[in-house]
Amino acid sequence: MSDATGPVLTVVIGENPPDRLDKALARDVPEEAALSRSRLAKLLAEGAVTRAGAVVTDAKAKVVEGEVFEIALGPAEAVETRPEAIPLNVIWEDDDLIVIDKPAGMVVHPAPGSPAGTLVNALLHHCGETLSGIGGERRPGIVHRIDKDTTGLLVVAKSDRAHHGLAKQFEKHSVTRRYLALVHGVPDAADPRLHGVKGTNFEAGGILKITTQLARHKTDRQRQAVLFHGGRHAVTRVRVLDRFGTPPSVALVECWLETGRTHQIRVHMAHVGHGLVGDQTYGGRRKPAAKALGQGAAEAVIAFPRQALHAATLGFDHPVTGERLEFESPLPEDFAGLIAVLDDNSRNSD
């Protein structure tokens, strides 16, 4: 909701909360709010956090599951991010939102190490002043993100009413998001190993369901880790679309998200032993067997320079008109080319 001075964010403390308020808020604040830990600490110190109407400023305060905190974000602040004339593949645009098909290599939001050349820089140039404030800063309304080297669809709010409406849909998991990925091995229901992996089960039609908690890795801040206590609830479903090699050693899978956590598909697929092709962070440097795929295909898999992950489908209710919108993005050239190589070698080996 919003008040006269800016939006107010409601945060409900989840199960097994950390032992202090600042850590609990950092864990349980919706990712769509884009609040950094430093921003949360500042808001706490400023008296912007309340519990049952009483201001709480002690970052070390104890919390319990189910407690409700409200954070007054205040008016949007100006940021230094500059507009840049970067081409965008715009799939849909109106006064309230814009849908982009993002290429590989583009960071969504400026961060240390990537201060420019991001989607936000491009949107500032493309949209000018017609942008939503988010996270207490005036910048394009990024309500969800995809990784730098992941390609495909994402929606951005251009108005505050669109931002709030989209954020609610992401929070309620009513947004349709389907990804295509190439993974090592085949996540098949016939594989007895998978049935022994904690957090996994198979649903009708051989669909693999992965249910865990996810949180930032204890020692590597750039990675996420699977947990079963604490962290954020995360659910991914996986269906095998095609398999390559004799015996099959690479699979094309469709993944759809019930939740949308940072690196969720990449972490979950690695957890079940089927890391993404090209994923140096989670997939390791796994080398497929040349005997199974053929020398050319095996070399192409090893050489693929990024995680083979594409946000292919995006569907949501327009936050202003209520119209259901569905978008599809074709595979990018590098991804499609790798599948063609795998497919050719599979046919030749039959």
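Here is a short walk through a few spots.

First, some ground rules: this is a predicted model, so local features need pLDDT of at least 70 and side-chain atom pairs count only at pLDDT 80 or more, while totals for chains, interfaces and linings use all residues. Residues are numbered from 1 along each chain as its sequence is written, and side-chain values use heavy atoms, with hydrogens and water left out.

Start with helix H1 (residues 21-28) and helix H2 (residues 37-45), which pack at an angle of about 130° with their axes 10 Å apart. That makes H1 oblique to H2, since angles under 35 degrees count as roughly parallel, over 145 as roughly antiparallel, 65 to 115 as roughly perpendicular and the rest as oblique. On the H1 side, Leu-21, Asp-22, Leu-25 and Ala-26 make the contact, and H2 brings Arg-37, Leu-40 and Leu-44; contact here means heavy atoms within 4.5 Å.

Now hop along to helix H6 (residues 264-271). After H6 comes Gly-273, with a positive phi near 85°.

Last stop: Pro-305, in the loop between helix H8 (295-303) and E18. Pro-305 is exposed, with a relative accessible area of 68%. Its C-alpha atom is separated by 9.5 Å from that of Asp-334, 29 residues apart along the chain.

Notes. Axes are lines fitted to C-alpha atoms, for helices over the stretch in contact, and angles run from 0 to 180 degrees between N-to-C directions. Helices (H or I, at least four residues) and strands (E, at least two) are DSSP runs, numbered from the N terminus. Buried means under 20% relative accessible area, exposed over 50%, partly exposed in between (1.4 Å probe, protein chains only).
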